[in-house]
Amino acid sequence: DVIASKFKKFVREFAYNRPSSGNTGITTMKYREQLQQNCGNRLYKLELSLNDLSAYEDGELLKYNLLTSPTEFIPLCERALQDLYYEIVRKEDESMPDKAPVIQLELKSDADLDGTFGNMKPKMIR
């Protein structure tokens, strides 16, 4: 599926510069590292910022689908996270369980300062 492959690419490749001492930042593979760390701690979830999707090349397509059809696309993305478990987590740490656990996708969005949710209204998805 096109959406699943774009989502997996986003998780593997999304990078941002984390501030560090001095004037330089450290480039971090934000979601790849979060998935590895969470699974290593047996915390099977990935917290994804919708704002980061807006900054990524195929992110607007992913964001649109997650917001307009969450009951269809969140489970699809959660299955993609299980694939990534094998590709990233299990491949690098063979002590992890052989069977991919269910990994929950948690979506978040930064609200603007006046307390509204921008032009989006909260939406029940499950």
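**A walk through a predicted chain**

Thank you all; I will begin with confidence, where pLDDT is the predictor's own confidence in each residue, on a scale from 0 to 100: the chain averages a pLDDT of 84, and 80% of the residues score at least 70. This is a predicted model, so that local features need a pLDDT of at least 70, side-chain atom pairs count only at pLDDT 80 or more, and totals for chains, interfaces and linings use all residues. Residues are numbered from 1 along each chain as its sequence is written, and side-chain values use heavy atoms, with hydrogens and water left out.

Read from the N terminus, the order of the elements is α-β-β-α-β-α-α-α-β. Among these elements, strand β1, residues 15–19, has the lowest mean pLDDT, at 75, while strand β3, residues 45–49, has the highest, at 95.

Of the 126 residues in the chain, 35% are buried, where buried means under 20% relative accessible area, exposed means over 50%, and partly exposed lies in between, with a 1.4 Å probe and protein chains only. If we take contact to mean heavy atoms within 4.5 Å, then residues 24 or more positions apart account for 58% of the contacts with a separation of 6 or more.

Let me turn to helix α1, which covers residues 2–13 and reaches 16 Å from its first C-alpha to its last; this is close to the expected 16 Å, the expected span being 1.5 Å times one less than the number of residues. Its buried residues are I3, A4, F7, K8, F10 and V11. They cover an arc of only 160° around the axis, which puts them on the same side of α1, the arc being that of the directions from the helix axis to the C-beta atoms. The elements they pack against include α2, β3 and α5. At the start of α1, a side-chain oxygen of D1 comes to within 3.0 Å of the backbone nitrogen of I3.

In helix α2, residues 30–40, the buried residues are Y31, Q34, L35, N38 and C39. Seen down the axis of α2, these buried residues fall within an arc of 120°, so they line one face of the helix.

What does N38 contact, leaving aside its neighbours within four places in sequence? N38 is in contact with L43, K45 and L46, and a polar atom of its side chain lies 2.9 Å from the backbone oxygen of K45. N38 counts as buried because its relative accessibility is 10%.

Most residues other than glycine have a negative phi. R42 counts as partly exposed, at 45% relative accessibility.

Finally, A15 is found in strand β1 and is also partly exposed, with a relative accessible area of 35%. Not counting residues up to four places away in sequence, A15 touches T27, T28 and M29, and its C-alpha atom is separated by 9.1 Å from that of R32, 17 residues apart along the chain.

Key: Helix = DSSP H or I, 4+ residues; strand = E, 2+ residues; numbered from the N terminus. Polar contact = N/O pair within 3.5 Å; in protein donor to acceptor, adjacent residues only side chain to side chain.
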